[in-house]
Amino acid sequence: DLIQNIGDKSRKDIETQIQLSILGAKTPFEAMQAIGSKLKDADGNPAPGVWGDLLTRAEVVERTEGGRVLSVAQDSRLKQWDRNQPGLLKTWVAVNDGRTRQSHLDAWERYSPGGNPGPIPVSEPYILRVRSDEASKSLPAGEYELMYPLDPAAPIGLVAQCRCSSA
C-alpha cells in the first residue's frame with residue numbers, strides 16, 4: 001500500500017517478486033529487475049516516482065519492502081519470546097557506514113546498553129527524532145514512534161531503504 005501511482009496488477013506482481021526474494025527463489029537483484037518492469041500505472045505506462053529511474057525505484061521498493069517483511073517477522077518473534085520470558089528488552093541496531101540517517105544512528109546510540117534510555121521493553125515504541133537538518137518535504141522534523149525498524153506506520157521518508165534491525 002505504500003507504493004503509490006501503480007495499478008492493482010502491478011502491485012500484486014511486485015508483492016510476488018518481494019516474496020520470491022525473501023524466500024530465496026530469486027536474488028534481490030533479479031527481484032529488482034522484475035519489479036522495475038512492473039512499475040506501471042493503471043494505464044500500463046511507466047509509473048512516476050520520486051526515486052528516479054525505474055531500476056533505482058525498483059531497488060528502493062525491493063530493499064524497503066523486503067526489509068520490512070524481515071522486520072515484521074523479527075518483531076513478531078521478539079513479542080513471542082517476551083510472552084515466554086517477560087521483561088525482554090530490545091535495542092535499535094543501525095549500520096554505521098556513512099549512508100545511514102542521523103536519526104537512525106541517534107536511535108542506535110540511545111537504545112544501546114549504556115545509552116539513555118538504553119534497551120527498552122519489547123512492547124514499547126522506539127522514538128526517532130528527526131532534526132531540522134535531516135528533515136525534508138516528505139519528512140518533517142519531529143519525533144516519530146516506531147515499534148521496529150521499517151514500521152509501516154512511519155513516514156516513508158524515515159524508513160525507505162532502512163537497513164536497521166532490532167535485537
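A residue is called buried here if its relative accessible area is under 20%, exposed if over 50% and partly exposed in between, with a 1.4 Å probe and protein chains only. At 4% relative accessibility, Y111 therefore counts as buried, and so does Y126, at 0%. The model is predicted, so local features need pLDDT of at least 70 and side-chain atom pairs count only at pLDDT 80 or more, while totals for chains, interfaces and linings use all residues. Residues are numbered from 1 along each chain as its sequence is written, and side-chain values use heavy atoms, with hydrogens and water left out.

On to the overall picture. The protein chain has five helices and six strands, where helices (H or I, at least four residues) and strands (E, at least two) are DSSP runs numbered from the N terminus. Along the sequence, they come in the pattern α-α-α-β-β-α-β-β-β-α-β. Of the 167 residues in the chain, 40% count as buried.

Now for the aromatic residues. Rings of Phe, Tyr and Trp (its six-membered ring) pair if their centres lie within 6.5 Å; planes under 30 degrees apart count as stacked, over 60 as edge-to-face and the rest as tilted. Searching the whole structure turns up two such pairs. In one of them, W92 and Y126 have ring centres 5.0 Å apart and planes at 85 degrees, so this pair is edge-to-face. Since W92 belongs to strand β2 (residues 92-93) and Y126 to strand β4 (residues 126-130), the pair ties together parts that are 34 residues apart in sequence. Both W92 and Y126 are buried.

Y126 also pairs edge-to-face with Y111, at 5.0 Å centre to centre and 75 degrees between the planes. Here Y111 sits in helix α4 (residues 102-111) and Y126 in strand β4, so the pair links parts 15 residues apart in sequence. Put together, W92, Y111 and Y126 make one aromatic cluster.
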